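Open the model in your viewer and keep the sequence panel beside it. The stops below say what to select and what is there.

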Amino acid sequence: MCFFAVKTEVKMENKTAISIKKFVLPFAIMAGVIRVLIDVIPKLIILKGQYYYGTFLISFIIEAIVITLLILKFKRKNNNTLTLRNALKVGITFMTIVGILFSLSAYIYDTFIDSTYQVNAAIDWAELFNKAEEVRKQQQENPPKGTIIGILSGVVRFSIIGLFISFISGSILKTHNSL
């Protein structure tokens, strides 16, 4: 009897994992496109570094809210049941997709459209702290190069953000004490 209960739970977990992907994917693609726009528009209108970097904080807040709302919506669609594992899957899947779209667009923009924007934004930011000359020197000695590793590290950073946000939201919203 115990074996049957465990087997049924495993099957339900696999079905939930498939539904998580179907549930999160449309939201993640839409959020990824919005995140790309939030990144590209300031670059196109050539905002100074502090304003451009401010978009990162705004995006982080929006992403935290969206992940929490997605987890809540997922919980409602699953008969008001939620495990921490499922919350983590929702948040990490969401932010990984957003991270892929963002990292690819940043690579394309910084490599093929305007390779000097990031350097100039970093110098603008450093001017706030009277460190512009140090940043200029560092940029000359070791110029930034867009690589596949940059894309992958961007995706990993977004996934880690998704992990932390969904861990916090999932811990609060979960209905079962098991993982």
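Start with a helix pair. Select F60, E63, A64, I67, T68, I71, L72 and K75 in α2; they meet F158, I161, G162, I165, S166, S169, G170 and L173 in α6. Contact here means heavy atoms within 4.5 Å. The residues of this α2 and α6 contact divide into 9 nonpolar, 5 polar and 2 charged.

A word on the source. This is a predicted model, in which local features need pLDDT of at least 70 and side-chain atom pairs count only at pLDDT 80 or more, while totals for chains, interfaces and linings use all residues. Residues are numbered from 1 along each chain as its sequence is written, and side-chain values use heavy atoms, with hydrogens and water left out.

Stay on the pair and show it as cartoon. Helix α2 covers residues 49-77 and helix α6 residues 148-173; their axes come within 9 Å and cross at roughly 50°. Axes are lines fitted to C-alpha atoms, for helices over the stretch in contact, and angles run from 0 to 180 degrees between N-to-C directions. α2 and α6 are therefore oblique to each other. Angles under 35 degrees count as roughly parallel, over 145 as roughly antiparallel, 65 to 115 as roughly perpendicular and the rest as oblique. The crossing of α2 past α6 is right-handed; that is, the near helix is turned clockwise from the far one by less than a right angle.

Zoom out. The chain has 6 helices and 0 strands. Helices (H or I, at least four residues) and strands (E, at least two) are DSSP runs, numbered from the N terminus. Buried residues make up 35% of the 179 residues in the chain. Buried means under 20% relative accessible area, exposed over 50%, and partly exposed in between (1.4 Å probe, protein chains only). Of the contacts with a separation of 6 or more, 83% come from residues 24 or more positions apart.

Next, select R35. It sits in helix α1, residues 2-44. Is R35 buried or exposed? Its relative accessibility is 5%, so R35 counts as buried. Show side chains: that of R35 makes a polar contact with that of S59, at 3.5 Å. A polar contact is a pair of N or O atoms within 3.5 Å; within protein, one must be able to donate a hydrogen and the other to accept it, and residues adjacent in sequence count only if both atoms are side-chain atoms. Leaving aside neighbours within four places in sequence, R35 is in contact with F56, S59, E63, V98, F102 and F158.

Remain in α1 and pick K21. At 55% relative accessibility, K21 counts as exposed.

Move to Y107 in helix α3. Y107 is partly exposed, at 26% relative accessible area. Its C-alpha atom is separated by 9.7 Å from that of K145, 38 residues apart along the chain.

Finish in the loop between α2 and α3 (84-113), at N79. N79 is not a glycine, yet has a positive phi of about 55°. N79 counts as exposed, at 70% relative accessibility. Then click N80, found in the loop between α2 and α3. N80 has a positive phi of about 55° and is not a glycine. N80 is partly exposed, at 48%.

Methods
Nonpolar A, V, L, I, M, F, W, Y, C, P; charged D, E, K, R; others polar.
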